[in-house]
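The stops below are given in the order in which to select them.

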Amino acid sequence: MSKTWSVSELNRYIKDQFEADDVLREVTLSGEIANFKRHGPSGHCYFSLKDAKASLTCVMWRSHVGRLTFSPQDGMTVLVRGQVTVFERNGAYQLYVSRMLAEGAGALAIRFEELKQKLAAEGVFKTAATRRPLPAYPERIALVTSSTGAVIRDMLTVMRRRAPYVQVILAPATVQGSQGAASICAALTALYQREDIDLIIVARGGGSQEDLWNFNEEAVVRTIAASPVPIISAIGHETDVTLADFAADLRAGTPSIAAEQAVPDSADLLAALNNRRRGLGQALLRDVRLARLQLSRACARSSFTDPGKILLPYAQALDERSMLLQQRMTQLVRQSELAFQKRVGPLAALNPLAVMARGFSVATDPDGRIISQARDLPAEAAFNLRLKDGIVAARSLGYTKMETD
């Protein structure tokens with residue numbers, strides 16, 4: 001006997017079957033909107049999607065509504081993507097819509113949005129914090145674009161007019177067709193091996209979304225994001241947006257605008273240099289005038305008109321030091337004299353001249369040797385007699401021996 005189900009059990013089972021089906025998990029439908037309503041408090045949207053023969057109930061949650069780029073209206077043909085499931089309460093199946101695009105956007109638009117969200121989540125795109133400034137005065141700029149056509153001619157014309165001194169290096173690439181993505185990546189990769197490139201511009205003229213699709217390819221976007229030097233994306237016209245724009249350091253509205261943004265105008269530089277030269281000249285003139293004024297004021301000071309006044313304080317100080325030095329020298333001389341006299345006193349008593357002053361004399365032979373014994377002077381021997389006030393030449397008449405006790 002088969003199981004008896006409750007209605008809720010059956011609805012839940014059917015819902016599980018729907019959600020387990022890979023086909024129903026993500027389907028893309030085209031149809032016309034009917035009975036569109038936006039629930040005020042919740043922000044969820046409820047509507048039907050119909051064609052000439054059938055309709056399907058659809059729900060779009062507020063988290064997905066916020067990504068809409070237009071306002072859905074009844075009668076509008078749209079392309080939607082979502083999951084088919086069952087609303088258990090009434091057993092009706094419906095579509096939970098995660099994406100909605102206006103008719104005409106097609107599969108490329110959906111693919112564009114999906115890849116955009118993927119790369120953004122991975123951090124591939126540049127942000128305000130990671131965008132690098134363009135070099136102010138680039139010397140070599142590489143262009144990745146077709147080697148023929150108006151784009152390269154227009155860009156070279158702009159650059160030669162604005163900055164003829166800048167060297168432009170062309171890295172030719174196929175920018176349209178099935179080989180375009182590989183060609184663009186190869187040109188960029190070859191440039192990345194060089195160390196003399198200051199800036200890279202990836203450029204292409206306008207076209208349809210299909211024509212520009214190579215610049216939405218994941219490989220191209222990742223290669224642009226990996227550039228070791230600042231890179232400009234100049235794809236199509238102002239209204240054209242590619243994923244390459246988000247990976248580059250700067251998005252230019254057109255290739256010609258990119259050329260203008262890449263190089264400074266030499267005329268503007270010359271005008272700025274002239275202004276700077278005039279400013280420096282005026283500043284130098286002001287400095288000279290100020291220096292002259294300071295010199296005039298300095299020359300008017302008494303130190304220049306009467307330079308002797310500068311030395312007066314030093315002369316007085318020198319006199320004071322000289323007096324102190326003289327006093328000190330006098331003291332030292334007196335102290336030395338006293339010390340000398342103190343030492344000379346005992347020696348003066350032993351001075352032979354002092355003994356002579358008391359009436360004594362010294363006899364010496366003609367050679368100056370002292371004669372200490374009378375017997376050394378035989379009769380008629382010549383000798384000298386040194387007295388207090390001079391020397392007397394004498395001759396011996398003989399000598400008498402003295403008796404001693």
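Two strands are called paired if DSSP finds at least two bridges between them. Helices (H or I, at least four residues) and strands (E, at least two) are DSSP runs, numbered from the N terminus. Residues are numbered from 1 along each chain as its sequence is written. The model is predicted, with local features requiring pLDDT of at least 70 and side-chain atom pairs counting only at pLDDT 80 or more, while totals for chains, interfaces and linings use all residues; side-chain values use heavy atoms, with hydrogens and water left out.

**Domains**

Colour the protein chain by domain: domain 1 is 7-103, domain 2 is 127-264 and domain 3 is 352-396. These bounds come from an automatic or database domain assignment. Between the C-alpha centres of domain 2 and domain 3 the distance is 130 Å.

Start with strand 1 (residues 27-38). Six antiparallel bridges pair strand 1 with strand 4, and within strand 4 the bridge partner of Val27 is Gly82. Strand 1 also pairs with strand 2 (residues 45-50), again in the antiparallel sense, over five bridges. Along strand 2, Ser48 is the bridge partner of Ala34, and Tyr46 stands opposite Lys37. The hairpin of strand 1 and strand 2 has six residues between the strands, and Gly43 there takes a positive phi near 85°.

**Arg99**

Select Arg99, which is in strand 5. Is Arg99 buried or exposed? Arg99 counts as buried because its relative accessibility is 17%; buried means under 20% relative accessible area, exposed over 50%, and partly exposed in between (1.4 Å probe, protein chains only). Residues touching Arg99 (heavy atoms within 4.5 Å) include Met60, Arg67, Leu79, Glu113 and Gln117, not counting residues up to four places away in sequence. The side chains of Arg99 and Gln117 are joined by a polar contact of 3.4 Å. Such a contact is a pair of N or O atoms within 3.5 Å; within protein, one must be able to donate a hydrogen and the other to accept it, and residues adjacent in sequence count only if both atoms are side-chain atoms.

**The nonpolar cores**

A nonpolar core is a set of buried Ala, Val, Leu, Ile, Met, Phe, Trp, Tyr and Cys residues joined through side-chain atoms within 4.5 Å. The largest one has 34 residues, and Val144, Leu188 and Phe215 are among those with the most contacts inside it. Elements that each supply at least two residues of this core include helix 4 (106-122), helix 6 (180-192) and strand 8 (199-204). Helix 6 gives the largest share, seven residues.

Centre on Leu188, which touches Val144, Ile200, Val202, Thr223, Ile224 and Ile231, not counting residues up to four places away in sequence. Another core, of 20 residues, lies apart from this one and has Met155, Ile232, Ala234 and Ala259 among its members.

**Strand 9**

Finish on strand 9, which runs parallel to strand 8 and is joined to it by five bridges. One of the pairs is Ile201 with Ile232 in strand 9. Strand 9 is largely enclosed by the rest of the structure, because five of its five residues are buried. Ile231, Ser233 and Ile235 point one way, and Ile232 and Ala234 the other.
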